[in-house]
Amino acid sequence: MADMLEKGIRIEGLRKRYGKGDTALDALKGVDMQVAPGETVGLIGPSGSGKSTLLKCLGAVIEPTAGRMTLGEEVIYDDGWKIPDLRALRRDKIGFVFQAPYLIPFLDVTDNVALLPMLAGHPNAESRKRALELLEALDVAHRAKAMPSQLSGGEQQRVSIARALVNRPPVILADEPTAPLDSERALAVIRILNQMARQYETAIIVVTHDEKIIPTFKRIYHIRDGKTQEEAGEGRAFE
Amino acid sequence: MISLAGRDIMHSWGKFVFTGVGLGLLIGVTLTMAGVYRGMVDDAKVLLDNSGADLWVVQQDTLGPYAEPSSLYDDVYRTIRGMPGVDRAANITYLTMQVRQGQRDVRAMIVGVVPGGPGEPGQPGYLIAGRQITRSHYEAVADVATGFKLGERIQIRRNHYAVVGLTRRMVSSGGDPMVFIPLKDAQEAQFLKDNDAIAQQRRRTAGNPAFNRPGTPGLLDAVLASQSINPYINAVLVQVKPGFIPEEVAEPIRRWKRLQVYTRVQMEEILIGKLIATAAKQIGMFLVILAIVSAAIVAFIIYTLTLGKIREIAVLKLIGTRNRTIAGMIMQQALGLGLIGFVVGKIAATFWAPIFPKYVLLELGDALLGFAGVFVICALASVLAIRAALKVDPAEAIGG
Ligand SMILES: Nc1ncnc2c1ncn2[C@@H]1O[C@H](COP(=O)(O)OP(=O)(O)OP(=O)(O)O)[C@@H](O)[C@H]1O
Ligand SMILES: [Mg+2]
C-alpha cells in the first residue's frame with residue numbers, strides 16, 4: 001500500500017487563504033491527504049468547510065497559499081507551482097466530473113469525449129476511437145452520435161465521466177457528481193467510478209453531501225474547519 | 001482538431017442565418033451605396049463619351065457646360081473650325097427641364113444638336129431604334145429611360161416634337177435621361193418668353209427714345225428683331241484631327257479666341273471632382289455610418305452569443321483548452337457571420353440594383369473591398385466578446 005501511495009496523490013499541509021488583511025479567510029488550514037491509484041475516496045464535510053476549495057487547488061485552477069502537492073513522482077506544488085503549464089496539467093493529468101455534466105452543447109457525444117485527446121494533439125480518428133472505447137465501457141456507445149441535449153441526465157453524467165477518463169489521467173476530481181440523480185442512478189455512477197478507478201489505475205476523489213453514497217467508500221476524508229481527518233468508511237456494495 | 005466555431009455555427013445555424021441575413025441586407029445597402037457612387041461616376045464618363053468630343057469650348061472663366069452655366073455666341077464655332085488641328089466643331093446646348101408626353105411629364109436633359117449624321121459631335125453615337133435627327137425642327141431622339149416610344153409626340157415648352165429615334169444610357173451627370181432636339185429649337189426653348197413678357201418688352205423698347213428715334217425709321221424694328229432671337233449656345237464641341245494632341249489644339253483656342261477649353265481629362269476632373277463631389281461625400285458619410293452600424297450589430301450578436309456560452313467556455317478552459325483556441329473560435333464565428341452577411345448582401349444588391357431609378361454600378365473591386373471591410377469589421381467586433389471569454393475563470397466550472 002505504501003508503494004501504491006507513492007504513485008497516487010499526496011497532499012501535505014495544504015493551506016489556502018482567501019483575501020487579505022481584515023477580510024482574509026483561511027479556508028484550508030493544513031490539509032493532509034493521500035489517495036492511491038485505483039482507489040476512490042470520499043471527501044465530506046459541512047457546507048463552507050473547504051471541500052470545493054481543496055478540489056480547486058488540486059485541479060490547479062486556484063493557487064494554494066502554502067503546502068505541497070505531488071502527483072505520482074511529480075511535485076506540482078511546493079509553496080508555489082512547480083509546473084509551468086497548468087493548462088496542460090489539467091488536460092493530461094486531471095479529469096473533472098461536476099455536479100452537472102456541463103457537456104459542450106454543440107458537439108455530439110463522441111466529440112465531447114474526443115475533444116480532450118484532440119486538444120492534446122492526437123489525430124481526430126484516434127481520439128474518436130479512444131472516446132468510443134470509453135463510451136462502450138460506460139454503456140453509452142449507442143448514443144455516440146446524439147447531441148448532449150438528447151440524452152437523459154444519467155447518460156449525460158456517464159458521458160462526462162468518459163470525458164474525465166479519456167486522457168487516462170492519474171487523478172479524477174468529482175464535485176458532487178450524484179447530486180441531481182436519484183439513489184439508484186447515484187449508486188450506479190459511484191459503481192462506475194470505482195470500476196474505472198480500478199481498471200485505469202486512477203485515483204478518484206469524490207466530494208459529496210450525498211448520504212446514499214457515503215457508505216460506499218472504503219476511506220473517507222472528513223473536512224472540518226479547514227482540516228482533514230481520515231476515517232474508515234463502510235465500503236459497502238460493489239464487491 | 002475539429003472546428004469548434006464551425007460546430008457551434010452548425011448547431012445554432014438558425015441564429016446565425018437570421019443574424020447573417022439581417023447583417024447581409026445592411027451590407028447590401030452598403031454595396032448599393034458604393035454602386036450609386038460608381039454609377040454617378042460612370043454616368044459622367046458616359047456623358048463625356050457620348051458627346052463624342054475631344055475638347056469642350058466654353059465661356060471664359062466658367063466650368064461649363066455641365067458644372068456651371070456657360071454661354072457663347074453661336075457663330076464662334078466657325079472660327080474655331082479654322083484653328084489648326086480642329087477636325088469638326090459643333091454647337092450644343094444643354095437644358096434640364098420637364099418634358100410632357102400626353103398626361104405625364106418626365107424630367108430630362110434637353111440637348112440641342114446640329115442635325116446631321118452620327119459622328120457629328122454632340123449627336124448620340126448609336127441608336128437602338130429609329131433614326132437620327134435630320135430636319136432642323138420638331139424632331140427628337142430620346143433615351144429609352146424617358147419611357148417615350150418611337151412616333152410619340154412630346155412637348156417641350158410650347159413646341160411639339162416627334163420622337164424619331166431612341167438611344168440607351170444617354171444621361172446627364174444628374175442621371176436624368178437625355179432628349180435630343182435640333183439646335184435652333186433648343187435655343188428657342190432656352191430663352192422662350194411668354195406672350196405677355198414679349199408684348200411688355202416690345203412696349204418698353206418702343207417707349208425708349210434711344211431705340212425709337214423719330215428720324216431713324218427701321219431702327220425700332222431692327223432692335224425688336226434682335227431681342228427676339230437667341231444667338232447663344234452653351235458650348236462648342238470639338239473633335240481634333242487624327243495625329244493631333246487635344247491639349248495642343250486647345251492652347252491656341254484659349255489664347256486667341258479668349259475662350260475656356262477643356263480636354264477630356266480636365267472635363268472628367270470637373271465632373272467627378274466638382275459636380276458630384278458633394279454627392280460622393282454624402283455617400284461616403286452613409287458608408288461610414290453603415291460600417292459602424294454593421295460593426296455594432298456583429299459585436300452585439302457575437303458578444304451575446306459568447307455570454308450565453310460562459311459555462312461551456314469555463315469548462316473548455318478547465319479541461320485545458322488554450323486561450324488562443326477559444327479566441328479563435330469566437331473570431332471565426334464573427335467571420336462566419338460576416339461571410340453569411342456578405343453573400344446575402346451581394347446577392348441582395350445584385351438583385352435590387354436594376355430597380356433603382358438611377359444607374360447603380362456594382363464593381364467587382366468594390367465587392368472585394370467590401371468583403372475585406374466586412375472581415376476587418378467582424379474581427380474588430382469580436383474583440384469585445386473575446387475579452388469577455390478570456391476573463392472567464394476556469395474555477396467557475398467547478399462551482400462552489
Ligand atoms: N473565491 C472566494 N473568495 C473568498 N472566500 C471564498 C471563496 N471561495 C470560497 N470561499 C470561502 O471559503 C470557505 C470554503 O468554501 P468552499 O466553497 O470550499 O466550501 P464547500 O465545502 O465547498 O461548501 P459547500 O458544501 O457549501 O459547497 C467558505 O467559507 C467560503 O465562503
Ligand atoms: Mg462546494
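Which residues in H11(B) meet which residues in H12(B)? In this predicted model, the H11(B) side consists of B:Asn323, B:Ile326, B:Ala327, B:Ile330, B:Met331, B:Ala334, B:Leu335, B:Gly338, B:Leu339, B:Phe342 and B:Lys346. Facing them in H12(B) are B:Ala367, B:Gly370, B:Phe371, B:Val374, B:Phe375, B:Cys378, B:Ala379, B:Ser382, B:Ala385, B:Ile386, B:Ala389 and B:Leu390. Sorted by class, this contact holds 18 nonpolar, four polar and one charged residues. The axes of H11(B) and H12(B) come within 8 Å and cross at roughly 145 degrees, and the crossing is right-handed.

Helix H12 (residues 364-391) of chain B also packs against helix H2 (residues 13-51) of chain B, at an angle of about 145 degrees and with the axes 11 Å apart. This crossing, too, is right-handed. H2(B) contributes B:Ile27, B:Leu31, B:Ala34 and B:Arg38, while H12(B) contributes B:Asp366, B:Ala367 and B:Val374. The contact has five nonpolar, no polar and two charged residues.

Helix H3 (residues 86-93) of chain A is largely enclosed by the rest of the structure, because six of its eight residues are buried. Those residues are A:Leu86, A:Arg87, A:Ala88, A:Leu89, A:Arg90 and A:Arg91. Their cover includes strands S4 (66-71), S5 (74-78) and S6 (94-97) and helix H4 (109-119) of chain A, and also helices H10 (310-318) and H11 (323-352) of chain B. At the start of H3(A), a side-chain oxygen of A:Asp85 reaches to within 3.2 Å of the backbone nitrogen of A:Arg87.

Two loop residues remain. A:Glu201, between helix H7 (183-200) and strand S8 (203-207) of chain A, has a phi near 55 degrees, a positive value in a residue other than glycine. A:Glu201 is partly exposed, with a relative accessible area of 46%. B:Arg169 lies in the loop between strand S8 (159-167) and strand S9 (178-182) of chain B, and its phi is likewise near 55 degrees. At 22% relative accessibility, B:Arg169 counts as partly exposed.

Technical notes
Residues are numbered from 1 along each chain as its sequence is written. Chains are lettered from A and ligands numbered from 1 in the order in which they are written. This is a predicted model: local features need pLDDT of at least 70, side-chain atom pairs count only at pLDDT 80 or more; totals for chains, interfaces and linings use all residues. Side-chain values use heavy atoms; hydrogens and water are left out. Axes are lines fitted to C-alpha atoms, for helices over the stretch in contact, and angles run from 0 to 180 degrees between N-to-C directions. Helices (H or I, at least four residues) and strands (E, at least two) are DSSP runs, numbered from the N terminus. A crossing is left-handed if the near helix is turned anticlockwise from the far one by less than a right angle, and right-handed if clockwise. Contact means heavy atoms within 4.5 Å. Ala, Val, Leu, Ile, Met, Phe, Trp, Tyr, Cys and Pro count as nonpolar, Asp, Glu, Lys and Arg as charged, and the others, Gly among them, as polar. Buried means under 20% relative accessible area, exposed over 50%, partly exposed in between (1.4 Å probe, protein chains only). A polar contact is a pair of N or O atoms within 3.5 Å; within protein, one must be able to donate a hydrogen and the other to accept it, and residues adjacent in sequence count only if both atoms are side-chain atoms.
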